[in-house]
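Please keep the sequence and the model in view while reading.

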Amino acid sequence: MEELKTVNLYNLTHTKAAGLLEKTEYPWEALAGIGDLILELGPKLPGDRYEEREGNIWIAKSAKVAPTASITGPAIIGEETEIRHCAFIRGNALVGDHAVVGNSTELKNVIIFDNVQVPHYNYVGDSILGYKSHMGAGSITSNVKSDKKLVEIHTPEGNLATGRKKVGALVGDGVEVGCGSILNPGTVIGRDSNIYPLSSVRGFVPAGSIYKKQGEIVAKVQD
C-alpha cells in the first residue's frame with residue numbers, strides 16, 4: 001500500500017536517520033537498525049557541537065538536559081533539543097534537533113525527527129515520529145500485543161507482516177495526537193492527520209484525516 005511507504009510518510013531531510021530509512025520500503029523495517037545506526041553516527045558528529053558521554057551517548061552542546069533526566073545509550077540528542085525533568089531515555093534513541101522530550105516521558109528504540117514534541121507523560125517505544133509531529137499529554141504507543149504474537153499492520157488492502165514482536169506506531173510528518181490517546185501496536189498514521197483525544201487507534205489512518213473514533217475517520221476540509 002503506497003501511503004504506508006517510508007517516502008510517503010516522512011521528509012527524510014529532517015532526520016539523521018535518513019541513511020537508514022531510505023533503504024526501507026516500509027518504516028518499521030528500520031526499527032531493528034536504530035542502535036547500530038547511532039553507534040555509526042555518534043563518533044562522526046562534530047566535536048565542536050556535540051559532547052560524547054560514557055555509554056555511547058552523544059548530546060548536542062546546545063541541548064538543554066535536566067539534571068534529573070536519565071539517558072542510557074546508545075543515544076543521540078540533537079541540537080537545541082530540550083530533555084525535561086525526569087525524562088527516561090532507555091537506549092536506541094535518536095532524537096532530532098529542536099525536539100522536546102518532556103517530564104516523565106519514556107523513549108525506547110525510537111527515531112524522533114526534528115521539531116517533534118513528546119512533552120508530557122508520554123511513552124514512545126519501537127516507533128518513529130515524523131517531522132513536527134506532536135503527542136498530547138498522556139498519549140502513548142503500545143508496542144506489544146496482549147497475545148505476544150508478531151505485529152501485523154492492518155490496512156484496507158490486507159495485513160502486512162512485520163516479523164517483529166515489538167512495533168509501536170509509525171507517525172507521519174505533522175501529525176497531532178490528542179491527549180490520552182493510545183496508538184496500538186502497528187498503528188500507521190499518514191501525514192498531517194489529527195487524532196481526537198482519548199482515542200484508541202489501530203491500523204492505518206490516511207494522510208490528511210481526522211480520526212474521531214474506530215470506524216469514523218473523515219478527510220480534513222481544505223480552506
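## Parallel strands

In this predicted model, Val100 stands opposite Gln117 in strand E11 (117–120), where helices (H or I, at least four residues) and strands (E, at least two) are DSSP runs numbered from the N terminus. Val100 belongs to strand E9, residues 100–103, and three bridges join E9 to E11, the two running parallel. Two strands are said to pair if DSSP finds at least two bridges between them.

Strand E9 is also joined by two bridges to strand E6 (residues 82–83), again in a parallel arrangement, and here Ile83 stands opposite Val101. In a regular strand the side chains alternate between the two faces of the sheet.

## How the model is read

Residues are numbered from 1 along each chain as its sequence is written. Because the model is predicted, local features need pLDDT of at least 70 and side-chain atom pairs count only at pLDDT 80 or more, while totals for chains, interfaces and linings use all residues, and side-chain values use heavy atoms, with hydrogens and water left out.

## Aromatic pairs

How many aromatic pairs does the structure hold? There are two, where rings of Phe, Tyr and Trp (its six-membered ring) pair if their centres lie within 6.5 Å, and planes under 30 degrees apart count as stacked, over 60 as edge-to-face and the rest as tilted. Tyr10 and Phe113 form a stacked pair, with 5.0 Å from centre to centre and 25° between the planes. This pair links distant parts of the chain, 103 residues apart, since Tyr10 lies in the loop between helix H1 (6–9) and helix H2 (18–21), and Phe113 in the loop between strand E10 (106–112) and strand E11 (117–120). Tyr10 is buried at a relative accessible area of 2%, and Phe113 is buried at 0%; buried means under 20% relative accessible area, exposed over 50% and partly exposed in between, with a 1.4 Å probe and protein chains only.

Tyr26 and Trp28 also form a stacked pair, with 4.9 Å centre to centre and 5° between the planes. Tyr26 counts as buried at 11% relative accessibility, as does Trp28 at 4%.

## Backbone details in the loops

A cis peptide bond, with omega about 0°, joins Gly73 and Pro74, and Pro74 is placed in the loop between strand E4 (70–71) and strand E5 (75–77).

Glu80, in the loop between E5 and E6, is a residue other than glycine with a positive phi, near 60°, and it is partly exposed, with a relative accessible area of 48%. Asn115, in the loop between E10 and E11, likewise is not a glycine, yet has a positive phi of about 65°; Asn115 is partly exposed at 27%.

## The whole protein

The secondary structure comes to three helices and 25 strands. With 223 residues, a compact globule would have a radius of gyration near 17 Å, and the 16 Å of the protein agrees with this; the radius is taken over C-alpha atoms, and the globule rule is 2.2 Å times the number of residues to the power 0.38. Along the principal axes, the C-alpha atoms fill a box of roughly 50 × 40 × 30 Å.

Of the 223 residues, 52% count as buried. Among contacts (heavy atoms within 4.5 Å) with a separation of 6 or more, residues 24 or more positions apart account for 31%.
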